[in-house]
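Welcome! Take a moment to turn the model around before reading on. The notes below go through it one topic at a time.

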Amino acid sequence: MSGKMIELTHRTINLSVYVLLSIGSIYSCWVPYAAASGVDFYSKNESPFGISNADWVAKYWNWDYSLPMDPQTNVIAALNQNGCLIHKENSMVMLADTAAGGVWNQNCTISRNEGILIPIWTGECNAGEKDCLGQSFEGLTKAARGFDLGKIKGLVKVDNIPVATLDAVDYKTNTMNNVTEVYTKEFNATVPDDSHVQNEKYGTFPGAAHGWFVFLKPLQPGNHTVYYQNSVEPTSLSGAGNSNTAQFTYHFKVE
């Protein structure tokens, strides 16, 4: 994830003992996946609400660009413990980026008609960033994918039942259950000057993104929890800076 948030946090986050132990214990007992009652997914070939997966990811990134940084906490300003950091667009609810790192609980109300877009790990490059200035779409795509190198594990649970897993190392994916790997087309990336993304220039530029996402179909009415986590470790290809660990739990009231 490029000049992504905090330039810095998502690649260089200090891991707490709690996070390390909890992630280690969960990964050690992973099952390929289990079907939670009433949980279904959009496949890579579907277009949720008439919009392709790639276009959803482009929309996701434009939302991410729009989020400001809190200069005092060095965390996205809208991300508060027990808050509700989501973005709703065209019947899709988008959840917070794992690049924020840490352990977070969110409490939100959504509709029974809204799908849920869950990011496990994603990177982008836009032509306003230092590493991507003046690059072609091919160059932007290569850079976005390069930001996602590393040893990556991801897990999604709904109502405490594992429903999606990811295990990838650099350019090889070993396991991907109910997870979609997405490369976007070129899109217009709008980065305001108060964005948490650290750009050389601010405005609208050509952009490209890559990542692993879970596209959940609408949940049944009632109370549900959506939990997702990742663990990113550096490799010889990624370099030492590519590291991250995050755990997000969203408590949803679905009406």
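## The chain as a whole

Of the 255 residues in the protein chain, 54% are buried, where buried means under 20% relative accessible area, exposed means over 50%, and partly exposed lies in between (1.4 Å probe, protein chains only). This is a predicted model, in which local features need pLDDT of at least 70 and side-chain atom pairs count only at pLDDT 80 or more, while totals for chains, interfaces and linings use all residues. Residues are numbered from 1 along each chain as its sequence is written, and side-chain values use heavy atoms, with hydrogens and water left out.

Take the contacts (heavy atoms within 4.5 Å) between residues at least 6 apart in sequence: 73% of them join residues at least 24 apart. The accessible surface of the protein chain is about 10700 Å², and carbon and sulfur atoms account for 50% of that; such areas come from the Shrake-Rupley method with a 1.4 Å probe, and for residues only the protein chains shown count as cover.

## Two disulfides

How many disulfides does the structure hold? There are 2, a disulfide being a pair of cysteine sulfur atoms within 2.5 Å. With bonded cysteines counted along the chain, their pattern is 1-2, 3-4.

Cys84 and Cys108 are joined with an S to S distance of 2.1 Å. This link is right-handed, with 125° about the S-S bond. It connects distant parts of the chain, 24 residues apart: Cys84 is in the loop between strands E2 (75–76) and E3 (86–89), and Cys108 is in strand E5 (residues 102–110). Cys84 is partly exposed at 37% relative accessible area, whereas Cys108 is buried at 5%.

The other link pairs Cys125 with Cys132, whose sulfur atoms are 1.3 Å apart. Are these cysteines buried or exposed? Cys125 is buried, with a relative accessible area of 0%, and Cys132 is buried at 0% as well.

## Aromatic rings

Searching the whole structure turns up 8 aromatic pairs. Rings of Phe, Tyr and Trp (its six-membered ring) pair if their centres lie within 6.5 Å; planes under 30 degrees apart count as stacked, over 60 as edge-to-face and the rest as tilted. Among them is the edge-to-face pair of Tyr60 and Phe213, 5.8 Å centre to centre with 75° between the planes. Tyr60 lies in helix H3 (residues 53–66) and Phe213 in strand E12 (residues 203–216), so this pair ties together parts 153 residues apart in sequence. Both Tyr60 and Phe213 are buried.

Tyr228 and Phe248 form a stacked pair, 5.2 Å centre to centre with 10° between the planes. Tyr228 is in strand E13 (residues 222–233) and Phe248 in strand E14 (residues 244–254), 20 residues apart; both residues are buried. Tyr60 and Phe213 also belong to one aromatic cluster with Trp63 and Phe215.

## A strand with two faces

In a regular strand, side chains alternate between the two faces of the sheet. Strand E10 (residues 180–183) has a covered face, with Thr180 and Val182, and an uncovered one, with Glu181 and Tyr183. E10 and E12 run antiparallel, joined by 4 bridges; strands pair if DSSP finds at least two bridges between them. Within this pairing, Thr180 stands opposite Phe213 in E12.

Notes: Helices (H or I, at least four residues) and strands (E, at least two) are DSSP runs, numbered from the N terminus.
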